[in-house]
Amino acid sequence: MKKKTKRKIVSFFIILIFFIVSFFFDNDFFFKLKNTVLKDINLSKDPFDKIANDFDVISLDDDLIVFFLDVGQADSILIKSQNEFMLIDAGNNADGIKLVNYFKSLGIKEFKYLIGTHAHEDHIGGMDDIINNFKVKNFYMPDDVTTTRTFYDVLDALESKSIAFKVPEIGTSLKLGNSDVNVIYAGSNKEDLNDTSIVIKLIYKDISFLFTGDATSNVEREIINSDIKSNVLKVGHHGSKYSSSAVFLNKVKPEYAIISCAEINDYGHPHEVVINKLNKLGAQIFETSKLGTIVAISDGKKITFKNIETNTDGG
Ligand SMILES: [Zn+2]
C-alpha cells in the first residue's frame, strides 16, 4: 500500500473514532459547538404528566437550572442550585395541584425559598398548595396586603404550617446552593400592587438572571442604579408595555429575554413595543406561550436552553 493511501486510511479512522467517542460520551456535542441552542431536545410533551427526561435535567449536580414553567397567563419559576430549590411564584389557583404533582415527580421535598413576588392571583394562586405539600424553609412576600380569597388562602396555609411571612430586605443576599440570590427591590404601600414586586438577581459564577415579577417602569426607575445587568431577563409583567422601559433594558442588557404569558390573553401581552425594544438590543426572546416550559441550564460560564412542549390552553 502506498504511504499516502495508508495515511488517508489512518486519518479516516481517527476522525471516525473521534465522532463515535463524541457521540457516546456526550450527545450534546454538536449542539455545544453552537453555544446556545433552543429546542435541542424535547424533554417531554407535557411537564405535568411525564417525568423521565425532566428528571435527568433536575438531577444534574453542578449546574444551575432554571425552569420558566408554562402556567399560561401567569408566572412560576423553579430554580435549582446544587441540591437546593427556590420557587418564584406559583401560577394561578388552578395551577397549584399541577405544580405540586410536577415538583413531587421531580423528587422535590423542600423549598429553601418560596417567593411570592406580589399578591396578584397569577403569581400566588397556587402558593397555598405548595405550602401545604412541601417543607418550606423561608417564605417571602412584599410588605403589602390585599383582601382577596387567594391572598387569605396563602396566609391560612402559612399559619397552619407555622411558617413565618417574611419581607425581604433590599440589598440582602441569600445563598441557594452555590448561587447568590440578591434582593434588588421589594415595595410596600404602593397604589399598584405590581409595583410591590420583589425583584431578584440570581448569580452563578459569571452568569446572572434578573427576575422582575410584574414591576412596572416606576420600579425600573427606582432600581436603575442597582446592579441589574444580567444575561437573562424574565421580562416584567408578561411583556406589558407599562414595563421594560428602554433605559431599564439598556442597563440590564439581556442576551436572553423570557416572557411568561398565554397565547390568548386579555391584555395583549407581550406588547409589540416591548418586543421591538428587545429586538433592538439584540436579545433573543423566548416565550412560554410559544415554547412551553423553558429550561435554562448553566455551568456558570455559558447557558443552554431547552424547552418542554406543553398543552396549556392559554387560560
Ligand atoms: Zn402577573
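The talk below goes from the whole chain to single residues.

Guide: Start with a caution. This is a predicted model.

Visitor: How many helices and strands does the protein chain have?

Guide: Eleven helices and 17 strands. Now consider burial. Buried residues make up 45% of the 315 residues in the chain.

Visitor: What share of the contacts joins residues 24 or more positions apart?

Guide: Count the contacts with a separation of 6 or more. Residues 24 or more positions apart account for 65% of them.

Visitor: What does β1 pair with, and in which sense?

Guide: Take its two partners in turn. Five bridges join β1 to β16 (residues 293–298), and these two run antiparallel. Leucine 64 stands opposite serine 298 there. β1 also pairs with β2 (residues 77–81), again in the antiparallel sense, over four bridges. On that side, phenylalanine 68 faces isoleucine 77.

Visitor: Is strand β1 enclosed or open?

Guide: Four of the five residues of β1 (residues 64–68) are buried, so the strand is largely enclosed by the rest of the structure.

Visitor: Where do side chains point in a strand?

Guide: In a regular strand they alternate between the two faces of the sheet.

Visitor: In which sense do β5 and β7 pair?

Guide: Parallel. β5 (residues 113–115) and β7 (residues 139–140) are paired over two bridges. Leucine 114 stands opposite phenylalanine 139 in β7.

Visitor: What is a hairpin, and where can I find one?

Guide: Look for two strands linked by a turn. β9 and β10 form one, with two residues between them. Four bridges join β9 (residues 173–176) to β10 (residues 179–185), and the strands run antiparallel. In the turn, glycine 177 has a positive phi of about 55°.

Visitor: Now helices. Which residues of α4 are buried?

Guide: In α4 (residues 96–105), they are Gly96, Lys98, Leu99, Tyr102 and Phe103. Look down the axis. These buried residues fall within an arc of 160°, so they line one face of the helix. What covers them includes α6 (127–133). After α4 comes glycine 107, with a positive phi near 85°.

Visitor: How far does α7 reach?

Guide: Helix α7 (residues 149–160) has twelve residues and reaches 16 Å from its first C-alpha to its last. That is close to the 16 Å expected at 1.5 Å a residue.

Visitor: Which residues of α7 are buried?

Guide: Phe151, Asp153, Val154 and Leu158. They cover an arc of only 155° around the axis, which puts them on the same side of α7. Their cover includes α5 (121–124), α6, β7 and β8. The face turned away carries the exposed residues Arg149, Glu159 and Ser160. Just after α7, serine 162 has a positive phi of about 55°.

Visitor: Which residues touch the most other members of the largest nonpolar core?

Guide: That core has 74 residues, and Ile77, Met86, Leu87, Val199 and Ile258 touch the most other members. Follow one of them. Leaving aside neighbours within four places in sequence, methionine 86 contacts residues including Phe111, Tyr113, Leu176 and Val181.

Visitor: Where does lysine 205 lie?

Guide: In the loop between β11 (199–204) and β12 (207–211). Histidine 238 is in the loop between β13 (232–234) and α9 (246–252).

Visitor: Is histidine 238 buried or exposed?

Guide: The cut-off for buried is 20 or more other C-beta atoms within 10 Å. Histidine 238 has 25, so it is buried. Lysine 205 has 13, so it is partly exposed.

Note on methods
Residues are numbered from 1 along each chain as its sequence is written. This is a predicted model: local features need pLDDT of at least 70, side-chain atom pairs count only at pLDDT 80 or more; totals for chains, interfaces and linings use all residues. A residue is buried if 20 or more other C-beta atoms lie within 10 Å of its own, exposed if 12 or fewer, and partly exposed in between; C-beta atoms are placed from the backbone. The arc is that of the directions from the helix axis to the C-beta atoms. Two residues are in contact if their C-beta atoms, placed from the backbone, lie within 7 Å. Two strands pair if DSSP finds at least two bridges between them. A nonpolar core is a set of buried Ala, Val, Leu, Ile, Met, Phe, Trp, Tyr and Cys residues joined through C-beta atoms within 7 Å. The expected span of a helix is 1.5 Å times one less than its number of residues.
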